[in-house]
Amino acid sequence: MGDPSESLGSETETGLKSTNKEDLCMEIDPPLKENVATAEDWRNALRKVVPAVVVIRITSCRAFDTELAAASSATGFVVDKRRGIILTNRHVVQPGPVVTEAIFLNREEITVHPLYRDPVHDFGFFRYDPDAIQFLEYEEIPLAPEAACVGLEIRVIGNDSGEKVSILAGTLARLDRDAPPYTKDGYNDFNTFYIQAASGTKGGSSGSPVINWQGQAVALNAGGKRTGASAFFLPLERVVRALTFLQKGGESNISKWEAVSIPRGTLQATFLHKGFDEIRRLGLQSETEQMARRASAQSETGMLVVDSVVPGGPAHNHLEPGDVLVRVNGEVITQFLKLETLLDDSVEQNIELEIERGSTPLSMQLVVQDLHSITPAHFLEVSGAVIHPLSYQQARNFCFQCGLVYVSEPGYMLSRAAVPRHAIIKKLAGEEISKLEDLISVLSKLPPGSRVPLEYISYTDRHRTKYALVTVDRHEWYAPPQIYTRDDSSGLWTAKPAFQLEFIHPSSGAKVEAAHIEHTHEANQGSTDGVTSMEISSEHASAILHSQIGTGTGSLNETSQDMLEDIIATENAVLRDCKDTTAAVANASNAEREIEPTLVMFEVHVPPSCMLDGVHSQHFSGTGVIIYHSDSMGLIVVDKNTVAVSACDVILSFAAYPIEIPGEVVFLHPVHNYALVAYDPSALGPVGFLAVHAAELLPDPALRRGDSVYLVGLNRSLQATSRKSVVTNPCATLKIGSGDSPRYRATNMEVIELDADFGSAFSGVLTDEHGRVQALWASFSTQLKLGSSEDHQFVRGIPVYAISQVLYSIISGGNGPHLLISGVKRTMPLVRILEVELVPTLLSKARSFGLSVEWIQALVKKDPVRRQVLRVKGCLAGSKAGIVLAQGDMVLAVNKEPITCFRDIENVCHELDNGENGGELNMTIFRQGCEIDLVVGTDVRDGNGTTRAINWCGCIVQDSHPAVRALGFLPEEGHGVYVARWCRGSPVHRYGLYALQWIVEINGKPTPDLDAFVSVTKELEHGEFVRVRTIHLNSKPKVLTLKQDLHYWPTWELRFDPETAIWRRRTIKALDCHKL
């Protein structure tokens, strides 16, 4: 439908779209005076016009209807100075929420508010306070649609290519061009002619006045061809009509605008103007043609033909494509302007249409519909999604009925279920959804964490119903669902709760102390499945049954007992089928059969509202292995390329039993590439609980080169896949460089390499022939090169010794903070680390740097295989080690014991937890030819990851995470808060406060940490301009200003609550809509 070479004129990142509108005067002889306009005439006209032309900065706060959230620039011009009215394009005014400023010639900036946007044609109006302009003399530009004619010399004045003021010359060539189709799924104008000229306008010029030498606007610039100089202008007849209505509505009180109703009628049918020759081929009778020619102007070249009809509209089942319009209410209609005038004057009234369909005359009565009634003025925002009734614009594009429930932006909840933009929701949780109120009603009944089916259709595959499984947010990633409604008197969209939340998070129930748990790590080691002699008693099964059917507590009656037996019998049958299928797999190794019940497939989703720590994607998947399984808790280990951050939603699919349950991230190792994820064993059911078991870990003896191992993992069908491989290098040093955007990268690690695997996308475990896990076959991620967004993934083995240490600490009780896991409060471990990035250097190289023969011999004696020394590549900024260690230092010994590998460093750090030396290492280093003894401090880190973030003006700020600190630089101004992400359509998008920098000051007040940042931003008011000082990762400082918008972008905080294991959202400062 759309011509890729035709584009809208506004300069924007999302490609804002535009079109034209009315038919024009068809006279081709310009007045004689036009041919004798001199250069001085043009200079006088421009001197008068240019001050009235403004640059418009648009921030589309939400995706809505045909438009996306974006920040862009365009042009407008003053058409009523006394009332403060600016004319521009409809795709500039936008159908949804916008925040807009106008910049006049002398750089005075004022806030403008949407006053009117036409539902069909590409024009709209902003309003402003005329008294706000204090230092500029300007006059309004008069509108003269009757002056447009072929051959007229014109000038287009506007913000062409973002240059603020550009003046482009041209000559009107056509007055009857078809409205250009810009796109198949966005805004398009129709039922109008366009004016065409070769003026070559580009981005940013949307809304520019097209003026003659007398300083009159004869048309409105709207779009153009990307591949040529053709520009498309909108005729002004209907603009003048709309402006007249607005001026009459503003007569009583200029200082305060009231909503003005501009009558607009429609039949929900699109017409095209076709020539008489083509219409004759459609079956037009010669008598009808002669009658139309006599009744029309001498220059008439054709008639109006139906191009499309929207289902469910007034013309549906009455008009068909190819019908030739002859008369309306007895009057011959061959031009768009006459037809539209008649429709606008007949809203909610009957009109009589006479058409010819294949030489057959037909007459019909149709009711003219109010065009505004099918133009959405409200939307539902839920979990970042924007959902509203399907507009006439999109209904025409997609050939759907107006008013259906339309997904303008899928947000998090819907995109997680793979529901795309432009989807039409038909059913949710088994209930029919025909209007937005139906959807709100169903959502109000769904508790947090519930998973329900959704049915939808898409215009790209309209004849097939699609099915998805939608998960209601369990954590408070987003604000509660809200309804936004357009207020035409203020130009704002006001929000109110969509419904009253009455649900309580299930994790906030009674807590059990970890001391009450009888299952210990030692018992787990002694059991092949990780379960300590647990049985499913009748009481336990009864409790599960009661939780499912809501019968309360107490003994079971006979009916309940029968139901329980049926449930267990059914689940046992399913379990037997699963085991039979597994046993029937041909050529399955013993290791594969043993390890398959311990494997779990992960599906991880990261909400866009909290993409912290530089996480590079919103969706991850991979394979993990169960390492602990009891009646109170299950633990799975997985690589951090699958679970990168704690702020995420995890869905677990078990290979041993067909079920999906949620998981919760409980530990992210600060150095090693693994995470621990917990699940609630009771969610598996009694039979599923027995089907699943934990793998046996075998940390010792360590793998050696030439050892045979079995690589076992899951494919996408949840089927175990294995192969026998040979270890080629059990201690390969991992080297991953820094990327453009700092994110987790594994450092100070030795990994296992094999002679053969299943490719870079296959993860799992390495086991011996008995199925005992010796290593986690983990996925790693890195950027291929700086300046490239391309991501590279590879797999290597991680020995399980570090995993088993942390597992023991969790089971036996650590020395760190408390965390609620499956309703049990547990003490989590702390990890003592040396916050230094080390790289191995061959002893032969170290000798060249001057390392003594005695030390070389001592290091070779300690480790004759590696024959290396560790060298400091860099210290994490703000670390204790960074105070004394320097880049290039060689670490020779700790406490007089030679150090040759990363594990040696980990062991001495671990020993400090049992000592009394205050967490300091007595380290011997080699620096610039000298041996030096130093006391080096270590740092203690938990496994929580980042647990707090703040959204201010659309940017997500957090404390500097380890990947940022690993760059070795933090601002001197108290470190500052780090900008991790920014949101489209937000103030930071409009003013350029992007990610990868620190905010160190706001209005001259330091912001060294999040608490100070909250304290400073709480004092800022809505609409206040804020001075922000930032320092980029490249250490370059910058100062910028931005305008705070608390209406669409309130300040809020997201924090993990370990007492309930829920991410809580707290509003720090917002604007009360009632005060607007």
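**Figure 1. A hairpin of five residues links strand 36 to strand 37 in this predicted model.** Strand 36 covers residues 649–654 and strand 37 covers residues 660–668; helices (H or I, at least four residues) and strands (E, at least two) are DSSP runs, numbered from the N terminus. The two strands pair in the antiparallel sense over four bridges, pairing being defined as at least two bridges found by DSSP between two strands. Val650 stands opposite Gly663 in strand 37. On its other pairing, strand 36 meets strand 33 (residues 599–605), antiparallel and over six bridges, with His605 opposite Asp649. Strands of a sheet pair through backbone hydrogen bonds, either parallel or antiparallel.

Residues are numbered from 1 along each chain as its sequence is written. Because the model is predicted, local features need pLDDT of at least 70 and side-chain atom pairs count only at pLDDT 80 or more, while totals for chains, interfaces and linings use all residues; side-chain values use heavy atoms, with hydrogens and water left out.

**Figure 2. Strand 36 is largely enclosed by the rest of the structure, because six of its six residues are buried.** Buried means under 20% relative accessible area, exposed over 50%, and partly exposed in between (1.4 Å probe, protein chains only).

Figure 3. Strand 35 (residues 634–638) and strand 38 (residues 675–679) are joined by five bridges and run antiparallel. Leu635 is placed opposite Ala678 of strand 38.

**Figure 4. Strand 11 (residues 193–197) is mostly covered, with five of its five residues buried.** Phe193, Ile195 and Ala197 point one way, and Tyr194 and Gln196 point the other way. Strand 10 (residues 166–178) pairs with strand 11 in the antiparallel sense over four bridges, and Leu172 has Ala197 as its bridge partner. Strand 14 also pairs with strand 11 in the antiparallel sense, over three bridges. Here Gln196 stands opposite Phe232.

**Figure 5. Helix 3 (residues 237–249) carries buried residues covered by parts that include several strands and a helix.** Its buried residues are Glu237, Arg238, Val239, Arg241, Ala242, Leu243 and Leu246. The cover includes strand 4 (70–80), strand 5 (85–88), strand 7 (109–117), strand 8 (124–127), strand 14 (231–234) and helix 6 (336–344); a contact means heavy atoms within 4.5 Å. The 13 residues of helix 3 should span 18 Å at 1.5 Å a residue, and its end C-alpha atoms are 19 Å apart, which agrees. The expected span is 1.5 Å times one less than the number of residues.

**Figure 6. The buried residues of helix 18 (residues 902–912) line one face of the helix.** They are Phe902, Asp904, Ile905, Val908, Cys909 and Leu912. Seen down the axis of helix 18, these residues fall within an arc of 160°, so they line one face; the arc is that of the directions from the helix axis to the C-beta atoms.

**Figure 7. Gln268 and Ala418 have positive phi although neither is a glycine.** For Gln268, phi is about 55°. Gln268 lies in the loop between strand 15 (265–266) and strand 16 (269–275), and is buried with a relative accessible area of 3%. For Ala418, phi is about 65°. Ala418 lies in the loop between helix 8 (411–416) and strand 26 (424–428), and counts as exposed at 56% relative accessibility.

**Figure 8. The peptide bond from Asp700 to Pro701 is cis.** Omega is near -5° for this bond. Pro701 belongs to the loop between helix 14 (685–691) and strand 39 (708–714).

**Figure 9. Ser852 sits in the loop between helix 16 (843–848) and helix 17 (853–862).** Ser852 is partly exposed, with a relative accessible area of 21%. Ser852 and Glu931 are 79 residues apart along the chain, and their C-alpha atoms are separated by 9.4 Å.
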